[in-house]
Amino acid sequence: MKPSSLIPEQYRRLLLYAGAVFLVLSVTLYLALPVAALFFRTTPELFWASLSDPLVISALWLSLTTSAISLFIVILVGTPFAYVHSRSVYPGKVLVDTLIDLPLVLPPAVAGFALLVLYGRMGLIGQYFRMLGIPIAFTTLAVIMAQIFVASPFYLRQAKSLFEQFDRSYEHTARTLGATPLRTFLTITLPLTAGGLVSGAVMTFGRALGEFGATIMFAGNLPGVTQTMPLAVYVGMESNFNLGLTISILLVIISFLIMIAVRILTKPEVPHA
Amino acid sequence: MIIGIVISLLLATACIAGCTSGTPAPATTSATPAPATSPAVAETAPPTLIETALPTPAAPEAKATSTPKPVYTYSEGNVVAYTAASLSGVSPKLAEGFETMYPGHKVVFNLAGTQALKTQVQNGAYCDVFISASNAYTNELTKGNYFVPGTVKPLTSNYVIVILPKNNPAGITSLSDLAKPGVKIAVADKSVPVGTATTAVIGNLAKSAGYGKEWNSSVTSNIVTYETSEPAVAGKVELGEVDAGFVYESTYIAGKDKYVAISVPRAVNYLQTYTIAVMKDSTSKGAASDFETFMLSANGQQILKDYGFSPL
């Protein structure tokens, strides 16, 4: 039996249309409504008032600087790593691939515990740093280390796949024209993969900015030193609701800007008319 | 642009859409299970505990076998107790004592900093009994009309003590030593009841002879973390990651094998009073008030005393 014989064609299309709209709306609302609720709970006056709170300012400043430093280190070390890794065949490569993806699925609290057990002053490595008089846990350095641990896979994955998919004939051409491998990388490979690399970097920055679990366990919670914005939200929810709300909204705005940046950067090249 | 973002959201959540396919935001279940809390500390129960103080356990076997363990049904007999985290160590013993005194009743603890529990309750979390480690939060909830009037009662109390890791890495022998450069101190955030008490103790010490303002500012600059619950402070000390932590005396007494302590003289100490109350919205008020009766009974008080709480 043909379905069109049961429902007239114009109604069938209408139903299909309604179904599609319902699907799009329900998914979008489910994901967007909680975020929107944050804005409904505050007033502009309250928002501006708590924005100038020293706790908010120090958390914002700390989060932005630590995330920026984390990102800088990830790019500096991650880019050559991803290049070398994607261009070479070596035993255990699959294992390395798996290990560097692990932080993506590892609960951040586990990451924090692991970092503490390794770098804490009673830790496997931390005890030697302690002998040298270098504290790691409960310092700003620990915040950065936690951020790098949880956020670097976003950049590494992106860089790896970009370098793997990169058309190597460009590189070969450059090399046959006498360019050194470094020059080839800097003038050919890097510029042509820059868009994708930057979008990976932006994702890494966003993840670092949102890092909570590993930070509170490994770096502690000290305003101005290790209390990043997500930690301030956590403490704020329990003690000063408006502060928590204000920082949450700031994080939403920043996250939104990050997503927009990623979309612009990953937009495919506009073909010439 | 906005549409582009919406579409990217859709793509990113393709699997979610696949599962819920068109269903709107799932209706939240009316009774969210209280997060089960780890009774890990229970394993290290102090040997001083007087087991004989409890009646011989007459386990309600019949109930356990006839019903397939309805843990979170909130039926009469099940008590969900939102409990200050500093009772973590003693909570399994309290459960045992309660379930022995009232066979058939069961208690499940949600242990967290009182400030967190208060926020949860204010945002609609269900519980039958609320045990607060701070009068300030008790009063706030009382004003908010969360408790059955007349059920708010003082439960026990606790003094502040300074604990050090067993090997005392910083060589601390007195409260003055806390001001030595390089000493790492963990305290609870001032929103946590023990954090309030810690602030008061440090303030009192600063005012007393031999300490002073300089000691106060050195100690404050030695603080490396403001934890969000009392057990979190103790945990950092136990791991040896800090040199000292301000906790409750009960925590030290329950973990004597794990810590060394520097006691704070009573004259400058701060007595934090715990309260217990039955929630107005409880659907098992009978069992809840039985639990309160047990906690205030000689049995309950003895268990708390064994774990280092100061009787009222």
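In which loop of chain B is B:Asn168 found? B:Asn168 lies in the loop between β5 (160–165) and β6 (185–188) of chain B, where helices (H or I, at least four residues) and strands (E, at least two) are DSSP runs numbered from the N terminus. The model is predicted: local features need pLDDT of at least 70, side-chain atom pairs count only at pLDDT 80 or more, and totals for chains, interfaces and linings use all residues. Residues are numbered from 1 along each chain as its sequence is written, while chains are lettered from A and ligands numbered from 1 in the order in which they are written.

Most residues other than glycine have a negative phi. B:Asn168, however, has a positive phi of about 40°. B:Asn168 counts as partly exposed, with 16 C-beta neighbours inside 10 Å; a residue is buried if 20 or more other C-beta atoms, placed from the backbone, lie within 10 Å of its own, exposed if 12 or fewer, and partly exposed in between. B:Asn145 also has a positive phi, of about 65°, and is placed in the loop between α6 (135–143) and β4 (153–158) of chain B. B:Asn145 is exposed, with 8 other C-beta atoms within 10 Å.
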